[in-house]
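Open the model in your viewer and keep the selection panel at hand. The stops below can be taken in order.

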Amino acid sequence: MHSWPQPDVPALSGDCVELQLFDTADQCVRPVRPAATAGMYVCGITPYDSTHLGHAATYVAFDLIHRQLLDNGHAVVYVQNVTDVDDPLFERAARDNVDWRELGDDQTTLFRSDMEALRVIPPRDFVSVSESVDEVIAVVQQLLDKGAAYVVDDPEHPDIYAPIDATGHFGYVSGYSPEHMRTFFAERGGDPERSGKHHPLDALIWRAARDGEPSWEAPFGAGRPGWHIECSAIANNRLKGIFDIQGGGSDLAFPHHEFSAAHYESLTDSERMAGHYVHAGMISLDGVKMSKSLGNLVFVHKLTAAGHEPAAIRLGIYSSHYRGDRDWSEGVLARAEQRLAHYRAAVAATTDEAAAKQLVQQLRERLADDLDTPGALRAADAWASTHGTDDAVDSSSPLKDAELSAAGEHVRTAFDALLGVRL
Ligand code: 5CA
Ligand code: ZN
């Protein structure tokens, strides 16, 4: 499916700093070190309801990674899926009496416009499950042929599962204990009670056709893809040899990323699918996790419709570290809007090139250190306090090039290139 328009990402002068990221599997921060072309896969939305600020914060975190990789001189192959074949989507479509394809298309369109507004660099390949079922069928067939998948003993619904012992190293991505695995498997779309499975944690890779559900013909019987296999197939078919980063929110570490990796590794007899497994924390609103059931959702399109700039939304997200569970509130946004005005006033006033270069270097260092955005903003705050002006400036919209000194222009370019923020 088509992606969204590419924002302008200006080239930034000065010395780049090698990106280091926390890897969930190894539980440490270490350099990413891709080849000339880096590969990144980030799990996409399930398009049955509007994208909320939690989703947006996660995609903005990976956009920061994308931007640091570009600044490090790499080309980036960025791949993202859209889970448009899934139970919640079918349930919502049935409830609202609309076709599931139409619901998925409409919500994906809204997502694209939110991402475009936030100046998120689009994936090169934006791939829906419904357009990649053939890829999943090929992988399921290979797993069956290899003995790394089995059909449950249920003639009515002969679903296909991958056993958790298909590799000898299952569990390395999340590092969860068996108790944790059981809890999260049940909470996050797993079916531990399904009769006929060899182990309660074995993962569904092909769901045999049911009445009233969409299904596709396959050599092993009509049905539809399981969740983890879809991302495994879509990612690995596009990132062969360059799978540097597998990403998503922390709720995806187990079982989703664990099984996506295990499926690929059992198929290829390899040890490790991705170089880094990177996970963003969950966003809450006023201290309560944003969730559809509570209805405490903040939507990007509502904020922008109310006149809040996407640049301020970005700065609000950056005020805390991407890996922590983070709170959003009106106060966070208000402080971000003050910051934006403060930075614009300083960029408009400054003529100190040495200080501008020093700030840009600090921004690069902080961001290269596992995306330390709070540290980057602290450096910018200090710089703006020294170089800014108390004069009132019109800071409600991006500044114009012609008004800026070389120093101001350099800082503005850095905010745009590294942070996706137009000052
Ligand atoms: N389609 C699957 C991935 S293949 C999925 O998880 N879709 S989703 O729409 O539920 O979530 C999309 C992304 O947003 C995932 O990376 C998820 O971890 C992240 N996400 C969901 N809720 C939040 C939240 N409250 N805060 C931060 N990230 C979130
Ligand atoms: Zn996924």
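The tour goes from the sheets to the core and then to the rings.

This is a predicted model, in which local features need pLDDT of at least 70 and side-chain atom pairs count only at pLDDT 80 or more, while totals for chains, interfaces and linings use all residues. Residues are numbered from 1 along each chain as its sequence is written, chains are lettered from A and ligands numbered from 1 in the order in which they are written, and side-chain values use heavy atoms, with hydrogens and water left out.

**Stop 1: the parallel sheet**

Helices (H or I, at least four residues) and strands (E, at least two) are DSSP runs, numbered from the N terminus. Two strands pair if DSSP finds at least two bridges between them. Select the five strands that form an open sheet with parallel pairing, in the order 5-4-3-10-11. Strand 5 (125–128) and strand 11 (276–280) are at the edges with a single partner strand each, so one side of each has no neighbour in the sheet. On average, neighbouring strands here are turned by 20° against each other, direction ignored; axes are lines fitted to C-alpha atoms, for helices over the stretch in contact, and angles run from 0 to 180 degrees between N-to-C directions.

Next, show strand 10 (residues 243–249), which runs parallel to strand 11 and is joined to it by five bridges. G249 stands opposite A280 in strand 11.

**Stop 2: the nonpolar core**

A nonpolar core is a set of buried Ala, Val, Leu, Ile, Met, Phe, Trp, Tyr and Cys residues joined through side-chain atoms within 4.5 Å; buried means under 20% relative accessible area, exposed over 50%, partly exposed in between (1.4 Å probe, protein chains only). Which residues touch the most other members of the largest core? Select I65 and W328, out of 78 residues. Helix 1 gives the most to this core, with 10 residues. Leaving aside neighbours within four places in sequence, I65 is in contact (heavy atoms within 4.5 Å) with L19, L21, M40, I245, V278 and L371. Another core, of 19 residues, lies apart from this one and includes A25, C43, L252 and A261.

**Stop 3**

Select the open sheet of four strands, antiparallel and in the order 6-7-8-9. Strand 6 (150–151) and strand 9 (223–225) are its edge strands, each pairing on one side only. Strand 8 (residues 203–208) is joined to strand 9 by three bridges, and W206 has P225 in strand 9 as its bridge partner. Helix 4 (residues 133–146) lies across strands 6, 7, 8 and 9, at about 115° to strand 8.

**Stop 4: rings**

Rings of Phe, Tyr and Trp (its six-membered ring) pair if their centres lie within 6.5 Å; planes under 30 degrees apart count as stacked, over 60 as edge-to-face and the rest as tilted. The whole structure has 14 aromatic pairs. One of them is Y59 with F111, edge-to-face at 5.3 Å centre to centre and 75° between the planes. Y59 is in helix 1 (residues 53–71) and F111 in helix 3 (residues 100–117), so this pair ties together parts 52 residues apart in sequence. Both residues, Y59 and F111, are buried.
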